[in-house]
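Please look over the sequence and structure first.

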Amino acid sequence: MQRIDPVEILSGLFVAGIGLFFFLGAADYPMGTINRMGPGFVPRSLGAIGMGLGLIIMTGGWRVPGRLPRVAWRPLAAIIAAIVLFAVLLPRVGLVVAALGASILSMLGNPLAGWRMIATTSVAISVVCWILFILLLGLPIPAFWTDI
Amino acid sequence: MDLWANIAAGFATAVSIENLAYCFMGVFLGTFFGALPGIGSLAAVSMLLPLTYYLEPTTALVMLAGVYYGAEYGGSTSSILLNLPGTPSNAITCLDGYPMTQQGRAGVALFATTIASFFGGTFGIILLYTLAPVIVQWALAFGPAEYFAIMIFGLVAAATVTQDAPAKGLAMVVIGMMLGTVGADLSTGIARYSFGYFELHDGISFIAIAMGLFGVSEIILSIANNVNKPFIQSVTFRSMIPTRDEVRRSPMPMVRGAGIGAFFGALPGTGPSIATFIGYAIEKRVSRRPEEFGKGAIEGIMSPESANNAAVQAAFIPTMTLGIPGSATMAVMMGALLIHGIQPGPQLMQQNPDIFWGLAASFWIGNLLLLILNIPLIGVWVRLLKIPYGILYPAVICFICIGVYTVRTSVFDVMLVLMFGVAGYLLRLMRFELAPLLIGFILGPMVEENFKRAMLIYHGDFTRLMERPISGTLLAMTALLLLWSVYVMVRNRRDHRPHARAVGEADD
């Protein structure tokens with residue numbers, strides 16, 4: 001059995017890393033004095049606190065058994081692809097196609113979804129989005145490429 | 001104007017056809033999203049926020065508030081029937097609610113939690129009515145020292161109370177506060193951490209953070225755990241009748257739960273989830289039959305559900321009187337007010353009394369509607385739970401993208417949602433809780449601003465903060481909380497306690 005908990009070590013490294021990032025980043029902004037604080041004062045202090053907390057979290061993973069959790073790669077990849085596609089398509093071809101594409105890609109993350117289910121559900125979702133957001137609510141979003 | 005005149009004026013606002021209709025829509029959609037496992041009140045409110053842009057501010061708030069407390073009612077349904085919490089603050093209800101279902105007494109559990117929710121909600125509203133005007137009087141005399149101390153205490157409490165890992169909770173608050181520093185500094189206009197992106201000058205869109213952390217991360221996690229749903233038993237009216245023993249055992253837990261919920265709800269930063277954990281723990285301790293807990297004890301669902309709804313209503317107290325959000329979801333609601341150009345705070349009740357009193361009156365109406373929605377119409381929600389998740393989540397992804405895009409017509413914000421969604425998923429795998437991050441993000445800039453002002457007034461002498469009675473007491477309590485967390489960490493280490501949770505909780 002492992003004698004360190006990798007989750008706690010990684011968590012601590014992550015927190016300390018973010019702290020370091022903000023600590024160093026604040027060097028570009030004036031610190032000011034304690035009674036007249038500049039824009040750099042608070043981020044720099046927070047960065048220092050973050051680094052300290054990161055170290056404390058890391059010590060919590062020492063000599064404690066544990067193992068890394070499993071990452072669900074397929075749903076993760078599908079959701080990333082779906083949102084990127086939505087962001088790319090929306091300003092170019094409008095809401096209906098963007099919603100269609102995003103639903104199809106996001107459903108690929110579910111190993112149980114068959115082609116028929118993906119086709120019917122994604123068409124239904126894009127029609128619902130069109131009716132709800134454009135026709136009923138009148139949001140200022142292009143519905144189709146003709147509206148751009 | 002005296003209290004009664006205000007209350008009457010509030011009801012006059014709340015019963016206009018438009019407000020009634022949106023109140024109904026809010027509680028209906030809230031129950032709907034709350035009943036669906038995996039979508040909490042925070043994701044529901046953020047997702048429905050764009051629908052309210054073109055409404056009157058009061059109407060918009062009435063609807064969003066309805067979504068918030070409606071979700072807490074609906075959330076218990078899936079906790080009881082499926083053993084899957086509808087919202088994280090209903091998670092505790094699974095412990096005794098699901099065993100009741102296994103014993104064929106789902107009807108009793110659903111009926112009892114609705115009554116407890118109604119009781120808790122009512123208690124929270126009465127507190128809102130009585131406390132808010134008093135707090136506003138004090139709040140007008142509050143200086144930056146008091147605001148700073150209240151917020152620091154709330155942040156530390158949110159991060160440490162009920163956490164197995166206080167250091168990780170505090171780390172989330174601090175990371176949230178760091179993200180809150182992004183954007184133009186208020187006094188100098190220097191754009192901090194904007195990396196040349198013009199979009200970051202106004203700061204990170206908090207809708208993008210909320211929907212990413214709470215909506216997108218939850219979906220990724222839920223697809224992975226897409227278990228086959230167990231058989232759902234049908235619920236009849238006859239099955240809702242509790243036994244005489246259960247009726248006798250219910251009132252006290254309900255009252256205690258309401259008190260606990262109201263306290264933690266009114267405290268800025270801590271929300272309903274913490275209240276339910278503490279409510280359950282106290283019931284278990286005071287009960288003469290602690291061995292029954294976890295096996296379908298009625299006290300184990302009455303207290304958390306009452307606490308939950310009391311906390312939701314009480315969370316409006318600091319939001320409306322001080323402009324400090326009482327919970328993570330309240331932060332989104334405050335964002336909604338700001339979008340409509342209304343600054344929550346002590347001035348709100350004087351400048352826009354119709355908003356405050358109209359909203360408070362709509363809570364009564366909303367809670368009554370929820371009583372109807374959750375007892376005679378419970379069958380609708382039971383059937384809803386049979387919709388496969390595989391059909392729902394692609395629609396939710398689209399709604400999230402559309403919602404975020406519309407706020408600032410910005411593709412950049414859609415990419416931010418994605419970034420925070422992935423980050424939220426990984427953080428939850430690392431057993432971080434996400435609600436403290438959002439609270440830190442919202443309160444961070446206010447903490448910074450008030451700290452700077454206080455230090456300016458007191459010439460950089462921090463001890464002057466300790467000498468003022470209110471801020472001194474709160475800062476001393478904060479120090480005690482921190483000491484207590486150190487003790488918890490040392491104790492956990494010595495006992496080599498295994499980590500209780502596989503993944504962190506999301507929202508509040």
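In which helix of chain B is B:Ile223 found? B:Ile223 sits in helix 9 of chain B. This is a predicted model, where local features need pLDDT of at least 70, side-chain atom pairs count only at pLDDT 80 or more, and totals for chains, interfaces and linings use all residues. Residues are numbered from 1 along each chain as its sequence is written, chains are lettered from A and ligands numbered from 1 in the order in which they are written, and side-chain values use heavy atoms, with hydrogens and water left out.

**Chain B overall**

- Chain B holds 23 helices and two strands. Helices are DSSP runs of H or I with at least four residues, strands are runs of E with at least two, and both are numbered from the N terminus.
- The radius of gyration of chain B is 22 Å, close to the 23 Å of the globule rule for 508 residues, so chain B is as compact as a globular protein of that length. The radius is taken over C-alpha atoms, and the rule is 2.2 Å times the number of residues to the power 0.38.
- Along the principal axes, the C-alpha atoms of chain B fill a box of roughly 65 × 60 × 45 Å.
- Of the 508 residues in chain B, 65% are buried. Buried means under 20% relative accessible area, exposed means over 50%, and partly exposed lies in between (1.4 Å probe, protein chains only).
- Among contacts in chain B with a separation of 6 or more, 80% join residues 24 or more positions apart. A contact means heavy atoms within 4.5 Å.

**Second largest pocket**

- This pocket holds about 1300 Å³ of space. Its lining has 47 residues, and the closest to its centre are B:Met334, B:Leu338, B:Ile442, B:Pro445 and B:Met446.
- A pocket is an open set of points on a 1 Å grid over the protein atoms alone, where a 1.4 Å probe fits, with protein on both sides within 12 Å along at least five of seven lines; lining residues have an atom within 4 Å of a point. Points are joined across faces, edges and corners, and the volume is the space filled by probe spheres set on them.
- Helix 21 of chain B gives the largest share of the lining, nine residues.
- The lining divides into 25 nonpolar, 14 polar and eight charged residues. Ala, Val, Leu, Ile, Met, Phe, Trp, Tyr, Cys and Pro count as nonpolar, Asp, Glu, Lys and Arg as charged, and the others, Gly among them, as polar.

**Buried helix residues**

- B:Ile223 has 5% relative accessibility, so it counts as buried. Leaving out residues up to four places away in sequence, B:Ile223 touches A:Pro75, A:Ile79, A:Gly109, A:Asn110, B:Tyr389 and B:Tyr393.
- B:Ile223 and B:Gly390 are 167 residues apart along the chain, yet 7.7 Å separates their C-alpha atoms.
- B:Asp413 belongs to helix 20 (residues 411–429) of chain B. B:Asp413 is buried because its relative accessibility is 0%.
- Beyond residues up to four places away in sequence, B:Asp413 touches B:Ser205, B:Ala208, B:Val404 and B:Arg408.

**Loop residues**

- B:Arg431 lies in the loop between helix 20 and helix 21 of chain B. B:Arg431 has a positive phi of about 65° although it is not a glycine. At 18% relative accessibility, B:Arg431 counts as buried.
- B:His459, in the loop between helix 21 and helix 22 (463–467) of chain B, has a positive phi of about 50° without being a glycine. B:His459 is exposed, at 59% relative accessible area.
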